[in-house]
Amino acid sequence: MIRVFSSYACDILTYENNREIPGWPALWIEQTLDSLDASYVLQSGESAWKVRIDRIDGRDRGTILATYPIPFCDGGSDDIMLISTLANEFSLSSLTHTDRRVCIDVQWYLRGEAGKKYFDCSDIPCVWSVFLKATQEEFSYLRNTQYPNHTFLITNGGSDVEVRQEWCILFSVPVRSGEFSDTIGAGDTFFSSFVYFYENTGDIYEAIQKANEYTYNFLSTKNSF
C-alpha cells in the first residue's frame, strides 16, 4: 500500500481573465497510480491550494495564496509513504515515530514566499529508509546530505538519473530523452511511478528504468495533442 500525502491546486490564470484550472501535484500522482492499478490511499488538505499564475516575460510565475493542513496517519505496517506537498501543510516531524519507507519530493519543501531556500536533511526524523527526489538545481539547495539511510534520486531533464548516498554517486540510470514543449507533471509522474515500481520490485535501478519509460510515454501522449 502506498500512502500519499499531497495536495491538489486550483490555478488562477490571471492572464486569461482569471480562468481556473485544476493543478498538481496530487492530480498527477493520482493519475499515475490509477493508471498503474496501484493500491494507495491519498491524504490531502480539506481543499485545493489557491495559486495565482501571472505571465511575466513570457513565463508563468506562481504565487501560493492559500493552503490547508494535511493530517498525518501512519497506516499499516506494509505502507510506503510518498510525500509531495508544502512544508506548512505537512511537517516532516510527523514522521518521528514511523518505521515505514518514506519517499519525499523535496521541491515543495524549497518553496516559500521568498522563493528558493535551503532544505536541511537533518530535519528528517531517523526513519528506516528515505528516498529524496530532487533536480540537479534543487540538490544544490540541500544541506546535511550525509545520512546513510538517505538515498537521493537526482534528475536533470533528459540526462541520466543519478542515485546518491552520502557524498557518493552510486550509479546513473540512462534516460530515454525527447523534445517536449509541455513537461508539466513529469516530475510527479516520474517519482510516483518510481515509488510504485520500487514497492513491487525492491530494486532501485529497475524501478528508475521503468519510471523513466513510463514518464516518457506520459510526455509523448501529453504532447501529441
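Predicted model: local features only at pLDDT ≥ 70, side-chain atom pairs only at ≥ 80, totals over all residues.
When I say strand or helix, I mean DSSP runs, E of at least two residues for strands, H or I of at least four for helices, numbered from the N terminus. And two strands count as paired if DSSP finds at least two bridges between them.

Numbering goes from 1 along each chain as its sequence is written, and side-chain values use heavy atoms, with hydrogens and water left out.

Back to β1, then. In the pairing with β7, S6 has S84 as its bridge partner. There's also strand β4 (residues 40–43), which runs parallel to β1 and is joined to it by four bridges. There, R3 is partnered with V41.

How buried is β1, which covers residues 2–6? Five of its five residues are buried, and buried here means under 20% relative accessible area, with exposed over 50% and partly exposed in between, using a 1.4 Å probe and protein chains only. In a regular strand, side chains alternate between the two faces of the sheet. In β1, I2, V4 and S6 point one way, R3 and F5 point the other way, and all are buried.

Now zoom out. These strands belong to an open sheet of eight, in the order β4-β1-β7-β8-β10-β12-β13-β14, with mixed pairing. At the edges sit β4 and β14 (168–173), each pairing on one side only. Ignoring direction, neighbouring strands here are turned by 20 degrees against each other on average. One more pairing in this sheet: β7 and strand β8 (residues 101–105) run parallel with four bridges, and M81 has V102 as its partner in β8.

What packs on that sheet? Helix α4 does, touching β10 (129–135), β12 (150–156), β13 (159–165) and β14. Contact means heavy atoms within 4.5 Å. The direction of α4 makes about 45 degrees with that of β14; axes are lines fitted to C-alpha atoms, for helices over the stretch in contact, and angles run from 0 to 180 degrees between N-to-C directions.

While we're on α4 (residues 204–222), have a look at T215, which sits in that helix. Why does T215 count as buried? Because its relative accessibility is 8%. Its side chain reaches the backbone oxygen of A211 at 2.8 Å. Leaving out residues up to four places away in sequence, T215 touches A186, T189, F190 and S193.

Last stop, the other sheet. This one is open too, with four strands in the order β3-β2-β5-β6 and mixed pairing. Its edge strands are β3 and β6 (59–66), each pairing on one side only. On average, and ignoring direction, its neighbouring strands are turned by 30 degrees against each other.

Strand β2 (residues 9–13) and strand β3 (residues 19–22) pair antiparallel over four bridges. C10 is opposite P22, and D11 is opposite I21. The two strands make a hairpin with five residues between them, and N17 in the turn has a positive phi of about 55 degrees.

Definitions and conventions: Polar contact = N/O pair within 3.5 Å; in protein donor to acceptor, adjacent residues only side chain to side chain.
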